[in-house]
Amino acid sequence: MLLSRGRERVVTAPVAGAPALEVSGVQCSYGQVQVLFDASLRVDQGEMVALLGPNGVGKSTLLKVIGGLLAPDAGTVALGGLDVTRWSTRERIEHGLCQVVGQSTFGSLSVEENLRMHAYGAQDREWAREAVDAALAVFPRLEARSAQPASTLSGGERQMLALAKSIVQSPRLLVIDEFSLGLAPVVVGGLLDLVRRLNERGAAVLVVEQSVNVALSLVDRAYVMEKGRIVAEDAAAALHADPERVHALMLGGHVGERP
Ligand SMILES: Nc1ncnc2c1ncn2[C@@H]1O[C@H](COP(=O)(O)OP(=O)(O)OP(=O)(O)O)[C@@H](O)[C@H]1O
């Protein structure tokens, strides 16, 4: 089914019951150097999943493939049951993908202007205004700073703004890369609550996170990546209960090989 919203937008509705995200057999290279080898993972609708692994194993590269920033040499990416492997990043966003990478904001614009900019993509002014108000209501710290330039926000507040943008977008799939990086534990705790709330509002979540404890406290299931391959997959509770196994996996051991 095709949905039209605004002049240029033609968005395809997801297939009922299909996973929010399905990555199958992805191979990817930078020049002659292959970085991803047959990488596959799935995030069901309403599910929260973590992608774990030591530095440099290919996690961010896989996120770039999911976001359409890198074309895979082989394999497919499906969002809501639709093969989007050849879709542009913009088309994927219109189809419900939102990627939160770092603390990306426009520093010279105010908090509110940053949010409105994201909402403009909707080309529906009334909806945009409501979405910005709803996002500010979820983040009282941002609401109090709505007129302040984003460049003057703290790291945690900037991360909140990045997440608030995702509320404005109402994504079906929220992909977050390293949101705890450099933030105080109390701020991370608040952000985790907000991601849970976004999930309750219907977003499936894929999070790449260096801190295993942070990730496992949030998600239902986790994949572990090593040297461009997914080498383990388990329920977060099972991984949480077996810190030695997780430690070995994060050090690049081969414990708990994927069948
Ligand atoms: N633009 C690029 N050109 C060439 N090589 C790259 C490029 N980006 C990443 N790489 C290499 O690809 C490999 C995987 O990098 P990637 O950033 O995906 O790993 P990661 O698991 O996200 O690491 P980290 O946890 O440290 O962020 C690394 O060896 C990295 O040096």
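**Figure 1. Surroundings of Cys98 in the predicted model.** Leaving aside neighbours within four places in sequence, Cys98 is in contact with Ile93, Ser166, Gln169, Pro171 and Leu174. The model shown here and in the other views is predicted. Cys98 belongs to strand β8, which comprises residues 97-101. Because 24 C-beta neighbours lie inside 10 Å, Cys98 counts as buried; the cut-off for this class is 20 or more. Val212, by contrast, is 114 residues from Cys98 along the chain, and the C-alpha atoms of the two residues are separated by 22 Å.

**Figure 2. The largest nonpolar core and the contacts of Leu173.** The largest nonpolar core consists of 73 residues, and those with the most contacts inside it are Ala164, Leu173, Ala215 and Ala222. Helix α6, spanning residues 155-169, gives the most to this core, contributing 7 residues. When residues up to four places away in sequence are not counted, Leu173 touches Ala20, Leu21, Val43, Leu79, Gly96, Leu97, Ala203, Ala204 and Leu206. For the protein as a whole, 41% of the 259 residues count as buried. Among contacts between residues at least 6 apart in sequence, 66% join residues at least 24 apart.

Figure 3. Helix α1 covers residues 59-67 and is largely enclosed by the rest of the structure, because 7 of its 9 residues are buried. The buried residues of α1 are Lys59, Thr61, Leu62, Leu63, Lys64, Val65 and Ile66. Gly68 follows α1 and has a positive phi, near 80 degrees. The helix α1 lies across β3, β4 and β6, and runs at about 115 degrees to β3.

**Figure 4. The shell around the ligand.** Which residues surround the ligand? The shell is made up of Tyr30, Val35, Gly53, Asn55, Gly56, Val57, Gly58, Lys59, Ser60 and Thr61. By class, 3 of these residues are nonpolar, 6 are polar and 1 is charged. Helix α1 supplies the largest share of the shell, with 3 residues. Two members of the shell, Lys59 and Thr61, are also among the buried residues of α1.

**Figure 5. The open sheet containing β3 and β6.** Four strands form an open sheet with antiparallel pairing, in the order β4-β3-β6-β7. The edges are formed by β4 (33-43) and β7 (82-83), each of which pairs on one side only. Within the sheet, strand β3 (residues 21-30) and strand β6 (residues 74-79) run antiparallel and are joined by 5 bridges.

Figure 6. Ala222 stands opposite Asp234 of β12. Ala222 is also one of the residues with the most contacts inside the largest nonpolar core. The hairpin has 2 residues between its strands, and Lys227 takes a positive phi near 45 degrees.

Definitions and conventions. Residues numbered from 1 in each chain as written. Predicted model: local features only at pLDDT ≥ 70, side-chain atom pairs only at ≥ 80, totals over all residues. Buried ≥ 20, exposed ≤ 12 C-beta atoms within 10 Å, placed from the backbone. Core = buried A, V, L, I, M, F, W, Y, C linked by C-beta atoms within 7 Å. Contact = placed C-beta atoms within 7 Å. Near = placed C-beta within 6 Å. Nonpolar A, V, L, I, M, F, W, Y, C, P; charged D, E, K, R; others polar. Pairing = 2+ DSSP bridges. Axes fitted to C-alpha atoms, helices over the stretch in contact; angles between N-to-C directions.
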